[in-house]
Amino acid sequence: MPSAIGAHVAPAPHSAPASLPTVEEVSAGGVVVDTSDAELRVAIIARLNRGGRLEWCLPKGHPEGKENNEEAAVREIAEETGIEGTILAPLGSIDYWFTVSGHRVHKTVHHYLLRATGGELTIENDPDQEAVDVAWVPIQELARKLSFPNERRIADLAREVLPGHL
């Protein structure tokens, strides 16, 4: 699978002590675009970080049961945004490290470009209640709205790849 930049995005440096156990996590999600609108709007969500600050991000979550990454991305986007979609193309993976509850987590997130096929913008179907807001953002403004640099790179790649799927 291609990466957002190069072979793989380098993991962020981590300062957790080496004695902490490491857990590998995988998530999937992406950029779901309303191609029926000339603005090519993208559904994004807002979450509160541990410090209570609002962060706008791409919808994503963990595969459940025997789901593959593509199936998880479609389901998670629908749950967190209310928008159903079909995958148009892979957008690559990002990975990063963080520490929580006495262990280090190495998380890899697989992103996909999706065409919106239905649904209504809402956070009411999010079973984990992680999303606190949801919004449509024109794809040209997407990178400026997202809180994280690695997701901004995914947004830029989606904008480059999308014309080949219209």
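Mentor: At least two residues each of the lining of the largest pocket come from β1, β2, β3 (54-57), β4 (60-61), α1 (69-81), β5 and α3, these being DSSP runs numbered from the N terminus (helices H or I, at least four residues; strands E, at least two). A pocket is an open set of points on a 1 Å grid over the protein atoms alone, where a 1.4 Å probe fits, with protein on both sides within 12 Å along at least five of seven lines, and lining residues have an atom within 4 Å of a point.

Trainee: Which lining residues lie nearest the centre of the largest pocket?

Mentor: Of the 27 lining residues, Arg-47, Lys-60, Tyr-96, Phe-98 and Lys-107 do; by class the lining divides into 14 charged, eight nonpolar and five polar residues.

Trainee: How far is the model to be trusted?

Mentor: This is a predicted model, in which local features need pLDDT of at least 70, side-chain atom pairs count only at pLDDT 80 or more, and totals for chains, interfaces and linings use all residues. Residues are numbered from 1 along each chain as its sequence is written, and side-chain values use heavy atoms, with hydrogens and water left out. The chain averages a pLDDT (the predictor's confidence in each residue, from 0 to 100) of 89, whereas residues 1-12 fall below 50. Where pLDDT is low, the predicted coordinates should not be read in detail.

Trainee: What does Val-42 touch?

Mentor: Leaving aside residues up to four places away in sequence, Val-42 touches Val-31, Val-32, Val-33, Ala-135, Trp-136, Val-137, Ile-139 and Leu-142, where contact means heavy atoms within 4.5 Å.

Notes
Ala, Val, Leu, Ile, Met, Phe, Trp, Tyr, Cys and Pro count as nonpolar, Asp, Glu, Lys and Arg as charged, and the others, Gly among them, as polar.
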